[in-house]
Amino acid sequence: MTETNPENETKVDEYQGSLANSKEDERRIEVWNELKANLKEIKKPKNVLLLGEYGTGKSSFINTVITALTGKYRYYADIGSGNLHSTTRLHKISCKEYWNPENEEDRALNLPNFIDIIGLDVQLSNPYERDTVNSQIMNLILNGKLSEDTDLLDLGMKLKEGKKIVEKSEDESLVIDIIVIVVSLEDDKIPHTLLDEIYAESKKRSRQFPVFAVLTKSDKCNDQEKLEKKKKYIAEEISIDVRKILICKNYHAGQNPDSRDVEILEFLTKLCDPCLKAVKLHKVEVEEEQATLPDTVAPTSTPIPPTNGCSLM
Ligand SMILES: Nc1nc2c(ncn2[C@@H]2O[C@H](COP(=O)(O)OP(=O)(O)OP(=O)(O)O)[C@@H](O)[C@H]2O)c(=O)[nH]1
Ligand SMILES: [Mg+2]
């Protein structure tokens with residue numbers, strides 16, 4: 001039997017640890033550089049809307065992205081217990097609010113603004129109705145026709161009662177550029193009707209929206225194979241490439257960024273790709289057209305190649 005030297009074991013462990021760290025650090029630097037290159041091409045911060053059922057982790061995800069970016073957890077978006085609507089108002093978390101590094105060049109980077117809204121209630125969806133409460137709310141939000149701080153719970157009630165809403169003119173600073181659909185991995189529920197509604201509504205706009213998805217609460221599901229299957233399934237359901245989906249365990253108060261920040265920053269890099277195009281729908285039939293964003297510029301990063309014939313951006 002060969003005797004092991006505990007001193008050597010520690011050294012090997014330390015060495016392997018340092019290797020792992022340096023590899024991770026290398027990747028982190030690489031991702032940061034990719035993200036910066038993308039951001040430099042963006043003329044003004046994009047408005048990113050978080051959409052999903054209540055309690056799925058939309059607000060937590062905003063705080064998670066900011067933690068990965070700034071290295072420090074702070075409450076920017078209000079988090080609840082997951083049972084009741086904790087975000088009820090339209091809350092814009094502007095990049096100026098969370099991004100203020102000392103370095104002037106970094107400070108000038110156009111990181112996204114996040115628009116946090118109420119969890120869309122599946123009860124307000126109806127597959128047989130064209131103009132549901134959810135689609136009316138979405139229509140107003142996507143077009144920047146609601147002011148910041150609008151009470152969305154109250155608005156939903158009024159629309160449900162059939163009350164007429166006086167539409168405000170479009171506020172450019174609140175018009176949505178990108179949609180991130182948030183689904184919780186805690187249960188196996190997928191809000192099909194809601195997803196259809198989101199797509200149908202975005203299709204009605206003169207320009208469509210790039211769509212991404214985040215599957216939160218990955219800590220509630222330990223089966224990696226199941227997670228990947230679910231990711232694939234959701235990608236098919238909302239007709240986006242799997243690489244536009246992030247599986248994520250959100251940070252919570254008191255946590256500092258760890259290895260998961262690399263994946264979060266990678267996701268953000270895709271979100272901030274200056275050549276993002278609107279999604280092409282297959283669930284809802286539309287003419288094939290490529291919507292161009294106002295600030296589309298020549299690509300600086302390699303666009304992700306399409307897979308399985310489904311459109312990517
Ligand atoms: N375990 C775990 N809990 C999470 C995660 N993300 C969010 N939560 C918890 O889920 C609950 C709801 O989170 P929120 O971020 O408030 O969810 P929301 O989608 O913004 O909720 P509404 O604003 O009410 O629609 C809170 O108790 C969070 O702490 C996660 O990744 N893992
Ligand atoms: Mg919320």
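User: How are residues, chains and ligands labelled, and which pLDDT limits apply?

Analyst: Residues are numbered from 1 along each chain as its sequence is written, while chains are lettered from A and ligands numbered from 1 in the order in which they are written. The model is predicted: local features need pLDDT of at least 70, side-chain atom pairs count only at pLDDT 80 or more, and totals for chains, interfaces and linings use all residues.

User: What is a nonpolar core, and which residues touch the most other members here?

Analyst: A nonpolar core is a set of buried Ala, Val, Leu, Ile, Met, Phe, Trp, Tyr and Cys residues joined through C-beta atoms within 7 Å. Buried means 20 or more other C-beta atoms within 10 Å of a residue's own; exposed means 12 or fewer, and partly exposed lies in between, with C-beta atoms placed from the backbone. The largest core here has 60 residues, and L49, L50, L51, V180, I181 and A213 touch the most other members. Helix α2 (residues 58-70) gives the most to this core, six residues. Helices (H or I, at least four residues) and strands (E, at least two) are DSSP runs, numbered from the N terminus.

User: Where does helix α5 stand, enclosed or open?

Analyst: Seven of the 10 residues of α5 (residues 133-142) are buried, so this helix is largely enclosed by the rest of the structure. Among the buried ones are V133, I137 and L142. G144 follows α5, with a positive phi near 65°.

User: How do I read the sheet, and in what order do its strands run?

Analyst: Start with pairing: two strands pair if DSSP finds at least two bridges between them. Six strands form an open sheet here, in the order β2-β3-β1-β4-β5-β6, with mixed pairing. β2 (91-93) and β6 (245-247) are at the edges with a single partner strand each, so one side of each has no neighbour in the sheet. β2 pairs with β3 (residues 113-116) in the antiparallel sense, over three bridges. One bridge joins K92 to I115 in β3.

User: Which residues are closest to ligand 1?

Analyst: A residue is near a molecule if its C-beta atom, placed from the backbone, lies within 6 Å of it. Ligand 1 is surrounded by 22 residues, and the closest are Y54, G57, S60, T87 and G119. Helix α2 gives the most to this shell, with three residues.

User: Is L153 buried or partly exposed?

Analyst: L153, found in helix α6 (residues 152-160), is partly exposed, with 14 other C-beta atoms within 10 Å. The C-alpha atoms of L153 and T87 are separated by 9.2 Å, although these residues are 66 residues apart along the chain.
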